[in-house]
Amino acid sequence: MMEFHVTAREAVEIPTYLAEIYWWAYVHPVAVRVFERNWLVNLILWGNFRRLSEAALDALGDQLAGKTLQVACVYGDLTRRLAARIGRGGRLDVVDVLPIQLENLARKLPRGAPVSLLHADSSRLPAADASYDSVLVFFLLHEQPRDVRRATLREAVRVLKPGGRLVVVDYHRPHALHPLRPLLRLVLERLEPFALDLWESDLDAWLPEGEGLGVRKRCLFGGLYQLLEISR
């Protein structure tokens, strides 16, 4: 199994909202055993996991030079496929606030993969300004309270090099006649209390101001999901 590195900059604690709301999905050891299945991740995303993950990877590019950052672990094979796109001499860092998620990811990666696993909070990344060529945030922001979401995006932009690309994939307000809209609203209200923020406001509303960012937005599956390509 790969080793991961714990940042020494400051102690990393599990955020209260994560421990109280998402213990069943990420924090408890049983959660990892239950959810670490590609078919289940695909079911949760209404059959769109492969499509959404491929769209994210394609937005980043086929061959990724320099340093790439993935903010938060993801169940399924996304990180393994992302690592396969890292070019010669390149590096992929994956940061997560939960050691159990980093340990789970380490078991999924092939030996010798150009990946470092970092224990840190997405709202306080242990990285210098403009230190990454590419950044991926895949279905994380809907799980965060507004202040944490804003801080995560601020940090993602801060560590992105000029000319670099930040790709964000997450929920979006579906079209009014989308057949899944009533059911999904009910599910999100019960299980993911911060997610409906992304139905009420554009995701780029949480981006830091005054950065001169270029934003291109694409909606998928009847508007239920969105992909943002953000450039500096």
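What is the volume of the largest pocket? I looked that up before anything else.

**Entry: ground rules**

I am working from a predicted model, where local features need pLDDT of at least 70 and side-chain atom pairs count only at pLDDT 80 or more, while totals for chains, interfaces and linings use all residues. Residues are numbered from 1 along each chain as its sequence is written, and side-chain values use heavy atoms, with hydrogens and water left out.

**Entry: the pocket**

I find a volume of about 790 Å³ for the largest pocket. A pocket here is an open set of points on a 1 Å grid over the protein atoms alone, where a 1.4 Å probe fits and protein lies on both sides within 12 Å along at least five of seven lines. Grid points are joined across faces, edges and corners, and the volume is the space filled by probe spheres set on the points. I count 37 residues in the lining, and Tyr26, Phe139, His142, Glu143 and Glu192 lie nearest the centre. A lining residue has an atom within 4 Å of a point. At least two lining residues come from each of H1, helix H2 (23-27), H4, E3 and H9. Helices (H or I, at least four residues) and strands (E, at least two) are DSSP runs, numbered from the N terminus.

**Entry: aromatic pairs**

I took rings of Phe, Tyr and Trp (its six-membered ring) as paired if their centres lie within 6.5 Å, with planes under 30 degrees apart called stacked, over 60 edge-to-face and the rest tilted. The count by this rule is eleven aromatic pairs. Tyr17 and Phe194 are edge-to-face, because their planes stand at 85 degrees with the ring centres 6.1 Å apart. Tyr17 belongs to helix H1 (residues 16-21) and Phe194 to the loop between helix H9 (181-191) and helix H10 (197-200), so this pair ties together parts 177 residues apart in sequence. Tyr17 and Phe194 are both buried, meaning under 20% relative accessible area, with exposed set at over 50% and partly exposed in between (1.4 Å probe, protein chains only).

Phe35 and Tyr75 are stacked, since their planes are at 15 degrees and the ring centres are 6.0 Å apart. Phe35 sits in helix H3 (residues 29-35) and Tyr75 in the loop between strand E2 (67-71) and helix H6 (78-83), so parts 40 residues apart in sequence are tied together. Phe35 and Tyr75 are buried too. I also noted a cluster in which ring pairs link Phe49, Phe138, Phe139, Tyr171, Phe221 and Tyr225.

**Entry: charges over rings**

A charge sits over a ring if NZ of Lys or CZ of Arg is within 6 Å of the ring centre and within 35 degrees of the ring normal. The charged end of Lys67 is over the ring of Tyr132, 4.7 Å from its centre. Arg149 has its charged end over the ring of Trp206, 4.6 Å from its centre.

**Entry: strand E8**

Is strand E8 enclosed or exposed? Six of the seven residues of E8 (residues 225-231) are buried, so the strand is largely enclosed by the rest of the structure. I counted strands as paired if DSSP finds at least two bridges between them. E8 pairs with strand E6 (residues 160-171) in the antiparallel sense over seven bridges, and Arg165 stands opposite Ser231. Strand E7 (residues 214-220) also pairs with E8 in the antiparallel sense over seven bridges, with Cys219 opposite Gln226. E7 and E8 make a hairpin with four residues between them, and Phe221 in the turn has a positive phi of about 55 degrees.

**Entry: salt bridges**

My rule was a side-chain nitrogen of Lys or Arg within 4 Å of a carboxyl oxygen of Asp or Glu. That gives 21 salt bridges. One of them joins Glu36 and Lys108 (2.9 Å, N to O). This pair links Glu36, in the loop between H3 and helix H4 (38-44), to Lys108 in helix H7 (residues 99-108), 72 residues apart. Glu36 is partly exposed at 21% relative accessible area, and Lys108 is partly exposed at 23%.

Asp77 bridges to Arg50, with the closest N and O atoms 3.4 Å apart. Asp77 is buried at 12%, whereas Arg50 is partly exposed at 44%. For Arg85 and Glu54 the closest N and O atoms are 3.6 Å apart. Arg85 lies in the loop between H6 and strand E3 (91-96) and Glu54 in helix H5, so the bridge ties together parts 31 residues apart in sequence. Shared partners join Arg50, Glu54, Asp58, Asp62, Asp77, Arg80, Arg81 and Arg85 into one salt-bridge network.
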